[in-house]
Amino acid sequence: MFQKLFLFTLKRLIILSIAGVVISVLHSQDLIVMLILMAFTGLVYLRKKKAGNYKLYFLGFVISALGGVLAEIWGIQSGLWTYHDLSNGREFPYWLPFAWGLAFSFLYSFEVFYIRTLKLKSLQNKIILTIFASTLLPTVGEIVTVQMGVWTYHSEYKIFGIPYYAIGLLGLF
């Protein structure tokens with residue numbers, strides 16, 4: 001079981017890192033990144049619809065996208081972080097709502113796999129798993145993109161370019 005969980009987690013971290021590299025390489029053409037993420041969103045939605053669990057996916061995607069957009073607007077306007085190389089003097093990349101929505105899908109599938117594999121029953125264990133996954137996985141994705149120059153956090157207390165408060169907020173969100 002440990003090997004199964006390890007390989008699944010490693011695969012997810014590699015996928016997350018590849019996505020971070022793609023976003024980083026194309027970040028100055030954020031409309032293209034948005035179109036790529038939009039197409040991927042459509043593919044995931046069709047796969048979920050075929051499996052019959054698309055309503056939860058759609059709801060989670062929309063809530064995460066809207067909440068993420070609000071968090072991004074707050075952070076940008078508060079001067080907590082700055083996105084780089086956006087056209088027309090924009091501060092908000094086009095692709096952000098899709099990244100936040102897809103983050104739900106990514107985390108949800110991760111959590112479902114762990115819950116099933118570990119046969120977690122208690123709500124407490126599921127919540128601990130959710131907080132752990134929501135703290136670790138997005139932080140890894142952010143480390144890749146921040147280190148490759150997509151955006152900068154303006155904080156003194158950071159690890160690999162990510163402030164401690166951002167890591168905590170990701171876990172809570």
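Visitor: Which residues in α3 are buried?

Guide: In this predicted model, the buried residues of α3 are Tyr57, Gly60, Phe61, Ser64, Ala65, Gly67, Gly68, Val69, Glu72, Gly75 and Ile76. The word "buried" applies to a relative accessible area under 20%.

Visitor: What covers the buried residues of α3?

Guide: The cover includes α2, β1 and α4. Contact here means heavy atoms within 4.5 Å.

Visitor: How do you know that the span of α3 is close to the expected one?

Guide: Let's set one value against the other. Helix α3 runs over residues 54-77, 24 residues in total. The expected span is 1.5 Å times one less than the number of residues, which gives 34 Å for α3. From first C-alpha to last, α3 reaches 34 Å, so the span is close to what is expected.

Visitor: How does the reach of α4 stand against its expected span?

Guide: With 23 residues, α4 has an expected span of 33 Å, and its reach from first to last C-alpha is 33 Å, again close to the expectation.

Visitor: What is the phi of Asn88, and where does Asn88 lie?

Guide: Asn88 is not a glycine either, and its phi is positive at about 55°. You will find Asn88 in the loop between β1 and α4.

Visitor: Why is Glu91 called partly exposed?

Guide: Its relative accessibility is 45%. Partly exposed covers what lies between the 20% limit for buried and the 50% limit for exposed, so Glu91 belongs there. Glu91 is in the loop between β1 and α4. Leaving out residues up to four places away in sequence, Glu91 touches Ile76, Gln77, Tyr83 and Leu86. Leu107 is 16 residues from Glu91 in sequence, and their C-alpha atoms are 27 Å apart.

Visitor: Is Lys11 buried or exposed?

Guide: Lys11 is exposed, because its relative accessible area of 53% is over the 50% limit. Lys11 belongs to helix α1 (residues 2-26). Between Lys11 and Ile162 there are 23 Å, C-alpha to C-alpha, for a sequence separation of 151 residues.

Visitor: What makes the meeting of Arg90 and Asp30 a salt bridge?

Guide: The N to O distance between their side chains is 2.8 Å. A salt bridge needs a side-chain nitrogen of Lys or Arg within 4 Å of a carboxyl oxygen of Asp or Glu, so this pair qualifies. The two residues link distant parts of the chain: Arg90 is in the loop between β1 (81-83) and α4, Asp30 is in helix α2, and 60 residues separate them. Both Arg90 and Asp30 are buried.

Visitor: How many salt bridges does the structure hold?

Guide: It holds one salt bridge.

Visitor: Which residues line the second largest pocket?

Guide: The lining is made of Arg47, Lys48, Ala51, Asn53, Tyr108, Ser109, Val112 and Arg116. Two elements, α2 (30-51) and α4 (96-118), each give two or more residues to that lining. The largest share, four residues, comes from α4.

Visitor: How do the lining residues of this second largest pocket divide by type?

Guide: Three are nonpolar, two are polar and three are charged. Tyr counts as nonpolar here, so Tyr108 joins that group. The space in this second largest pocket is about 160 Å³.

Methods: Residues numbered from 1 in each chain as written. Predicted model: local features only at pLDDT ≥ 70, side-chain atom pairs only at ≥ 80, totals over all residues. Heavy atoms only, no water. 1 Å grid on protein atoms, 1.4 Å probe; cavity = no way out; pocket = protein on both sides within 12 Å on 5 of 7 lines; lining within 4 Å. Points joined across faces, edges and corners; volume = space filled by probe spheres on them. Buried < 20%, exposed > 50% of the residue type's maximum accessible area, 1.4 Å probe, protein only.
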